[in-house]
Amino acid sequence: MTIPPTTSPVQGPAIHLRGLEKSYKELRVLRGVDFEVARGSIFALLGSNGAGKTTVVKILSTLLKADRGTARVNGFDVATQAAGVRESISLTGQFAAVDEILSGRENLVLVARLRHLKDPGAIADDLLRRFSLTEAGGRRVATYSGGMRRRLDIAMSLVGNPAVIFLDEPTAGLDPQARIEVWQAVRQLAEGGTTVLLTTQYLEEAEQLADRIAILHQGRIIVDGTLAELKQLLPPAKVEYVEKQPSLEDVFFAVVGEGGDTDAGSQARETTSNQQ
Ligand SMILES: Nc1ncnc2c1ncn2[C@@H]1O[C@H](COP(=O)(O)OP(=O)(O)OP(=O)(O)O)[C@@H](O)[C@H]1O
Ligand SMILES: [Mg+2]
């Protein structure tokens with residue numbers, strides 16, 4: 001039996017949102033969110049704590065219903081064609097959903113079996129290779145570093161070749177080295193044609209990875225563009241002693257304004273500018 005590919009080509013953007021609204025009782029979290037994600041691209045959704053990033057991801061992955069507006073994923077409407085959406089996507093949350101007792105390879109084989117795929121062993125070996133986990137594949141996950149776990153988690157979400165993958169804060173809590181490892185894995189996904197929507201609070205992560213970046217603030221997308229387009233929102237580089245291009249962090253704080261004016265935020269900015 002051949003399993004029909006879930007990545008069958010559907011015309012149009014991989015993800016399309018129009019006028020999406022969502023409230024939790026009195027709290028209006030999304031107040032009309034619009035954006036599109038092109039097939040095979042990496043899209044970063046940025047926002048402060050509580051901006052509604054996870055809420056957007058939950059609606060797109062059919063875990064939550066929007067109050068108003070439409071959303072389509074891989075051509076399927078999230079409200080009326082939820083099964084089609086679920087077959088097209090995978091979702092990786094903030095905490096790695098791997099089984100510590102099993103080896104990396106066993107985790108992958110397990111997921112492939114659960115999805116009724118042919119030749120789970122070959123699927124596992126292929127993914128271990130793609131995520132540079134072949135050597136560690138036979139070891140219990142309990143012995144893996146944070147970066148290795150996270151890569152395994154992303155590899156597990158790729159079993160069955162979903163067309164669209166949602167990564168909700170994929171590098172939260174990882175050290176810089178582990179973060180770079182995950183970035184490489186995410187880049188490989190997009191090179192293989194997978195559409196990636198990631199949420200992040202690390203502005204550098206969006207800067208490094210994303211083809212397009214959107215900032216969610218007070219329930220709406222206030223900026224949506226390529227990194228180059230976002231940088232144009234600020235005046236050209238000032239020449240002092242050295243020429244300094246605005247970083248995405250500068251753009252973020254300029255457009256978000258008051259939200260970023262915490263002590264921690266300004267300290268972080270000082271540290272960043274000292275490093276440049
Ligand atoms: N099930 C819920 N019931 C009530 N309020 C909720 C629920 N889920 C989220 N919220 C609230 O909605 C707002 C948006 O939450 P959401 O998790 O989408 O934000 P986020 O941008 O993902 O934040 P973070 O960066 O902290 O992950 C927050 O104020 C949150 O407290
Ligand atoms: Mg969140």
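**Exercise 1.** How close do the axes of helix H3 (residues 104-114) and helix H5 (residues 146-157) come, and at what angle do they cross?

*Solution.* Before starting, note that this is a predicted model, where local features need pLDDT of at least 70, side-chain atom pairs count only at pLDDT 80 or more, and totals for chains, interfaces and linings use all residues. Residues are numbered from 1 along each chain as its sequence is written, while chains are lettered from A and ligands numbered from 1 in the order in which they are written.

Step 1: take the helices as DSSP runs (H or I, at least four residues), numbered from the N terminus.

Step 2: the H3 and H5 axes come within 9 Å and cross at roughly 20°.

Step 3: H3 and H5 are therefore roughly parallel to each other (angles under 35 degrees count as such).

**Exercise 2.** Which residues of H3 and H5 meet?

*Solution.* Call it a contact if C-beta atoms, placed from the backbone, lie within 7 Å. On the H3 side you get Gly104, Asn107, Leu108 and Val111, and on the H5 side Leu152, Ala155 and Met156. Sorted by type, that's five nonpolar, two polar and no charged (Ala, Val, Leu, Ile, Met, Phe, Trp, Tyr, Cys and Pro are nonpolar; Asp, Glu, Lys and Arg charged; the others, Gly among them, polar).

**Exercise 3.** At what angle do H3 and helix H4 (residues 120-130) cross?

*Solution.* Their axes come within 8 Å and cross at roughly 130°. That makes H3 oblique to H4.

Key:
Axes are lines fitted to C-alpha atoms, for helices over the stretch in contact, and angles run from 0 to 180 degrees between N-to-C directions. Helices (H or I, at least four residues) and strands (E, at least two) are DSSP runs, numbered from the N terminus. Angles under 35 degrees count as roughly parallel, over 145 as roughly antiparallel, 65 to 115 as roughly perpendicular and the rest as oblique. Two residues are in contact if their C-beta atoms, placed from the backbone, lie within 7 Å.
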